[in-house]
Structures are given as structure tokens and as C-alpha cells.
Amino acid sequence: MTPTAPRDVAVVGFAHARHTESTFGTTNGVEMLAPVFAECYRQTGLDRTDIDFWCSGSCDYLAGRAFSFISAVDTIGAVPPISESHVEMDAAWAFFEAYLKIATGQADTALVYGFGKASASTDLDSAMALQLDPYTVAPLWPGRHHIAALQARAGIDAGTWSEGAMASVAARATGRDERELLAEPYVADPLRRHDCPPVTDGAGAIILASGDRARELVDTPAYVTGIEHIADSAEFGARDLTDSPSARAAAVRATRSSGDRPDLGGVTVAELHTQYTHQELLLRSALGIGDHVAVTPSGGSLLADPLFSAGLERIGYAANDVMEGRTERALAHATSGHLLQQNLICLLEGRPA
Amino acid sequence: MSAHSPGLPAAVLGTGQTHHVARRTDVSMSGLCREAIDAAMADAGVGWDEIDAVVVGKAPDLFEGVMMPELMMADALGAVGKPLLRVHTAGSVGGSTAVVAASHIQSGRYRRVLAVAWEKQSESNAMWALSLPVPFTAPVGAGAGGYFAPHVRSYIRTTGAPEHVGAMVAVKDRLNGSINPHAHLKQPDLTVDKVLQGQMLWDPIRFDETCPSSDGACAIILGDAAAAEEVESTGRRVAWVHATALRTEPGTFAGRDYANPQASRDAAAALWAEAGITDPAEEIDAAEIYVPFSWFEPMWLESLGFAAPGEGWRMTESGATARDGSLPVNPSGGVMCSNPIGASGMLRFAEAARQVMGRAEEHQIPGARKALGHAYGGGSQFFSMWVVGSERRR
């Protein structure tokens, strides 16, 4: 196993829809995606027919019906037909699939997109509870913030973080006063409103290219110099909820560390897909992210949490920081499932590997 | 699209599948998948420590009522501590999952990958799951049969195919299934007359010309050149991946040919080109084609380039697609005998691999060296295909 493929792959374009509490658009994302694709084409000078491979991420349960990704294909205008695939996950994993496709040499360019309309669900708690074991856990219908509270409480009880530290994460993201935040009531003890993500409709897209092609398209491609994703157990009782061994293991491989800790040398920006304040604290510790690293300068999921494209957006924001010269080396993280069950780490650099 | 390299070599090291039945009340979803996985691991002769990544495929989560079930199944799938990717491309998903797993190997990133696909239709209601209204899109209304019947009528009208061709396919596939121990439907005494006397469900599709609803799972272990050579050194064959293809088109657009979609023709053309095959009817020894309604055999024969346009039914009628014909199609019995939807495509890919590995047991086509695995999904919009061979592609 190697953390990178023999062929260079780079991000050359990124755009996302305006984050909104609710859109009048349909649940297939077409209305949100069409302008996002147009922006990606503008950035790269590519056209629809220049894209060799397409891959999307979404979730039928969020859309409330089977095969929600089929009508999203209408956004592409796939006549003549395209080479295409779809993951029922955050589009960060579609990014991974597209990365592999280019790495094999079967494609030189790929457009990855994700979409989700969380506002369409009248009860997001019930929808998200359907990710749990259907025989034993889902029938209890735990709310999503209540599940996250189990993790937050475990960390507080273990002395790993505090409500104050959690509020400081929210204060940085929102610009609000930390003491003011701590005076607010609990949503799900020990989580307050500011510890939890808002409901957001959204869509995002990234264009990837092989190394040679990337240099033709943009001045500073964001090369993927390492990428890996790992799953943890779904059993809350079988996991140490205050740690993330899967995120750490993915980062060890992505950064080609020779030890059991990631080697983040040179990374100055880390875009973390953390839906809850305590998860940023958890990941900082699990990944060994120091204070000199700007963590999620985009604001991340505490400001806007477009389900099934939020992880892809983290890669996009980190890539933009590289492409626009704000850093030479950035780390992006995406998560899937309850309580950081699956984690993807992507390392982006402004120079060829 | 510019010319692309196929990537590093990849091969199927082993396959596994469950027995397919209408209701598996004795196992959970995890247990069902685990049966197929354990069989594939044993067939490949690999242990869990050797699996680098897990790729899961299934059709819509509404079929079982669990959102992204691979998450709660991570432990049972042996995916804890490993990459776990979930593919969903409608009915073609089993095939797409195998293609994505192959790209894990062809990229040089992983040495051995487990791909598993499944459906446990008995735990929910597939008809309900497919009947939710889609804004601005015509509702299916009568399930997959209601959607595809007009395509079949169109095929019959434009080609002049006689009515008994669909029945012939049903009889052939059910007889093939009767010697496949894993098949759901086994009807060794079915005849063309019996099919034609059966109930009409969606004109012109009769009861015996449709696939069943099945519980079942299929798993494949793929490996790189070194892993494949290790298996070959033990005297067992592997199935080398000679080519893969994925193509998608929208469900509706002006001029769309529903009976012979361009995405299907494009995928086949790309597949044959990459596999170095110029005459598929001559060079392919066995074909596992996604035929959920019997008439799709002659339709896909044309679309795949095995028969000239309008001539697919003549090929079927001639007996060429029977077990002893020039192009045995669905020697396993195919989707007409077992249809765990998410797994159906991977079963086609796995059965193609078994043929060239010489491990297809009772339904082995003697001397099969190159085989096609094929799946389609949505409203005949998504296509996934591969060609596997008993020898490494030169």
C-alpha cells in the first residue's frame, strides 16, 4: 500500500453554492449545481465535454426518495453519454474515487460534485437516526445532537476538553463573545446551540486533473500529495469516543509518516470537517495539530453544514488556499457517519510531489 | 476523450455468493454479506490482514430502510481500520462496485481489495421505495416492469421479433439456473408453451419473463499482479481484468433510443477497444448480461455489438445464446433466476470471472478464456461492464 499513486493528481477548480437555510430548488440539487459547474468551467477554461470522468456524492434519505443522484445528472447535460459514478457518501469520497480514476491513467480530468437539501427533511433527527443499527439502536430514535452529546460528555468527563474550550471554538468561528455563549441554555447537555451545526442546503464541485494537464490549466495547481480514508466501528460502546484512531491512521498514511503520528511538517492550514465544537478539539489532538496551524479558516460546519458536500468543501477551501498562494501545504479532512466514524485526510501542496 | 492507459494490472482472485431466496429470515444484513465475503476470502485464499480496502455496493437504501447501512455494518464487513467506500449507481451498482474496486488496484494504491454488493429486499418494500414522487418527472407507477414494457414493445415493433423469443430466453435462463446451486428460481421443466400461457403482467412481459425479488449478496477479491501471480503459483487460475467501462446518459432527452441507448453502445465500444477485441461474438466465450426481463437479451445483444441492429432476436432464436451455442449468455441463469438488486450486477461480473477461472462448477462453459460481465441501471441509463480473461492481457 502506498499513500500516493504513481501519477500526479491535482485540484484545479472549486466552487460551492451559496449556503442557505433553505432553497426553493428541488432535492436533486440541479438548481444549486448548475451555476457551480459554470464557475468551475470558468476557473479552468474547461468545458463539459473536456471532462473525462464524473463522480458525485449524495444521500437518498436526505432527498427523501430513491435514486436522487439520477436526476442530478441532468445538471451535467450528459449527451453524449459520460463516464460517471456515484458514492452514497459525502462527496469527499467521490473526490477519492475520482482521484483513483485519474491515478490509474483512465482519465485526465474529473469533475466531482456533491449536494444535499437538509431543509427538505421535516425531521432531520429521525432521518439521521436511520444510519444506526436498524435492529437495536435506530428504533430508539436518538436525535443527532443527543448522539453528539455522548461524545462531548465523554471528553469532558475524561478531562480531554471543557465546555469553555468548546465555546472558544465557537467564538472563533462566529466572532461572538465566549462568556456570552456559555450563558446560553443547553440544546443537548453539554452541547449548546453554538456547539452544533446549522441546517444548511448546499452543493459544491471540484475539478481534478492529472499533473501534466493541471499545469496547463492553472498557475498553481493544488497537488494531492497524500490521501487516505479509514473507518472506525459503528458501535459507540466499542470505541473510545474521545479519540479518533481512524483519522490519525488516515493522516499517518496521507502524510507518509514513518511513525504512528502524522507528520504535518509544513502544513499551515487545516480545514477540518467538524460539525460540533468538541470534534475540532478531538481532531486537533488526534492529528497533533499545533497552534501555528490555522484551523478551518473557512468557518466550516459550525457556520454552514451542507450535508454530503461539506467534506468536499473542506478539500476545496484547502485547495484554494494553496492555489491562491496563502499556503504551500494544506490539510483537508472530511467525515462521514455519526461521531466521526469515517475520516478522510487529504494533503494538498503547491509544488509537484 | 483522449486515449487513456488502462492502469496497472488487476485480477479477480476469488468470488463468493450466497444462495438466493425470496426471504433470508435466518440472517441479518451483516450476516448475509458475511456469507458471501467468507466464501470469497476462502476462494481467494486470503486472510483479513491481507485486505487493504473494502468497497460496498447496493441499490437504494430505501429498499431496506437503513441510511448508508455500510456504516453500521463496518465491523461485519471487516472494514474497521480500513478504507470503506460505498458505491450507488442504481441497478448497475454491483458492476460499478467491481469497476471501482478494480481502479483501487489499477491505481497502484492497494494490493488486495474486497468488493461486496447485496440486497435484502425482504426487510422492506422495493415497490414502495421506487414509488415516491419525483418532482417534474413522470412517475414509474408500476415498478420496473411497467417502466421497461414500452421499451420492449418498441423493440418488438421495430425489429419484427416473434413473440416466442422472450419465452425462449426465459426457458433457457431458468434451465441454466436449475443447474446453478446458488440460483433463486429453478424451473427445469419450463417450456416455451408454458411461458406463453402464463399471466401477462405488463404487456408484452409475462409472469415467467420477469426476474424474482431476492435476498442475496456477492463478494469479489481483487488483487494486483503480484497477488494474482501468488494465486497462479498454486495452480489455480485468476481472472485478469482486461477492460472496464462505465457510461451514463440522462433518463430523458430528445432522440433518446430507449431500446438501444447510446450510453450502452458507447460503453461497449470503449470496452472492446480497451480489451483489444475486434469481433466480440467470436472472441467472447461466455457472457453474463443483465437481463431482468427476458426481452433484454436480444436487445442487449445488439447494443453490445454481438448482433447487428435488428438481428439480436435472430441470434437468440437460433440457439446461439444457449449453453452449447456459439455465445453462451447467462450460463448461471442470470438475473432472470436471482435478483438481489444491488448484488445482481456484481453477480454478473463474478460469474464471468468464475467462467475464466474454471470455477463455475455445474454451469461451467468448457474452455472459457474470455468472458463479459455486464450490468445496467436506472431507466437504462447507467452501464457498467468488464471483460475478464484467464490470461494476462498482452
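Reply: What follows takes the labels one at a time and sets each value against its cut-off. Keep in mind that this is a predicted model.

Me: Start with helix 11 of chain A. What makes helix 11 of chain A largely enclosed by the rest of the structure?

Reply: Burial does. Buried means under 20% relative accessible area. Ten of the eleven residues of helix 11 of chain A are buried, so this helix is largely enclosed.

Me: Which residues of helix 11 of chain A are buried?

Reply: They are T277(A), H278(A), Q279(A), E280(A), L281(A), L282(A), L283(A), R284(A), A286(A) and L287(A).

Me: Which residues make the contact of helix 10 with helix 11 of chain A?

Reply: Helix 10 of chain A brings A247(A), R248(A) and A251(A). Helix 11 of chain A brings L283(A), A286(A) and L287(A). By class, that contact has five nonpolar, no polar and one charged residues. Arg counts as charged, while Ala and Leu count as nonpolar.

Me: Next, helix 6 of chain A. How do you know that helix 6 of chain A is oblique to helix 11 of chain A?

Reply: Helix 6 (residues 144-157) and helix 11 of chain A pack at about 45 degrees, and their axes are 9 Å apart. That angle makes helix 6 of chain A oblique to helix 11 of chain A. Here the crossing is left-handed. A148(A), Q151(A) and A152(A) of helix 6 meet H278(A), Q279(A) and L282(A) of helix 11. The residues of this contact divide into three nonpolar, three polar and no charged.

Me: And what makes helix 7 of chain A roughly perpendicular to helix 11 of chain A?

Reply: The axes of helix 7 (residues 163-174) and helix 11 of chain A come within 8 Å and cross at roughly 105 degrees. The range for roughly perpendicular is 65 to 115. The two helices are therefore roughly perpendicular to each other.

Me: Which residues make the contact of helix 7 with helix 11 of chain A?

Reply: From helix 7 of chain A come A165(A), M166(A), V169(A), A170(A) and R172(A). From helix 11 of chain A come T277(A), H278(A), E280(A), L281(A) and R284(A). By class, there are five nonpolar, two polar and three charged residues.

Me: What follows helix 11 of chain A?

Reply: Just after the helix, G288(A) takes a positive phi of about 70 degrees.

Me: Where in chain A is W141(A), and why is W141(A) called partly exposed?

Reply: W141(A) sits in the loop between helix 5 (124-129) and helix 6 of chain A. W141(A) has a relative accessible area of 48%, so the label is partly exposed. Phi of W141(A) is near 50 degrees, a positive value in a residue other than glycine.

Me: Which peptide bonds in chain A are cis?

Reply: Among them is the bond joining V79(A) and P80(A), with omega about 0 degrees. P80(A) lies in the loop between helix 3 (68-72) and strand 3 (84-87) of chain A. The bond from D189(A) to P190(A) is also cis, with omega near 10 degrees. P190(A) is in the loop between strand 5 (186-188) and strand 6 (191-192) of chain A.

Me: Now chain B. Why is Q121(B) called buried?

Reply: The cut-off for buried is under 20%. Q121(B) has a relative accessible area of 8%, so Q121(B) is buried. Q121(B) is found in the loop between strand 4 (112-120) and helix 3 (126-129) of chain B. A polar atom of the Q121(B) side chain lies 3.1 Å from the backbone oxygen of N339(B).

Me: How do you know that S380(B) is buried?

Reply: S380(B) has a relative accessible area of 0%, so S380(B) is buried. Phi of S380(B) is near 55 degrees, a positive value in a residue other than glycine.

Methods:
Residues numbered from 1 in each chain as written. Chains lettered and ligands numbered in written order. Predicted model: local features only at pLDDT ≥ 70, side-chain atom pairs only at ≥ 80, totals over all residues. Heavy atoms only, no water. Contact = heavy atoms within 4.5 Å. Helix = DSSP H or I, 4+ residues; strand = E, 2+ residues; numbered from the N terminus. Buried < 20%, exposed > 50% of the residue type's maximum accessible area, 1.4 Å probe, protein only. Polar contact = N/O pair within 3.5 Å; in protein donor to acceptor, adjacent residues only side chain to side chain. Axes fitted to C-alpha atoms, helices over the stretch in contact; angles between N-to-C directions. Parallel < 35°, antiparallel > 145°, perpendicular 65-115°, else oblique. Left-handed = near helix turned anticlockwise from the far one by under 90°.
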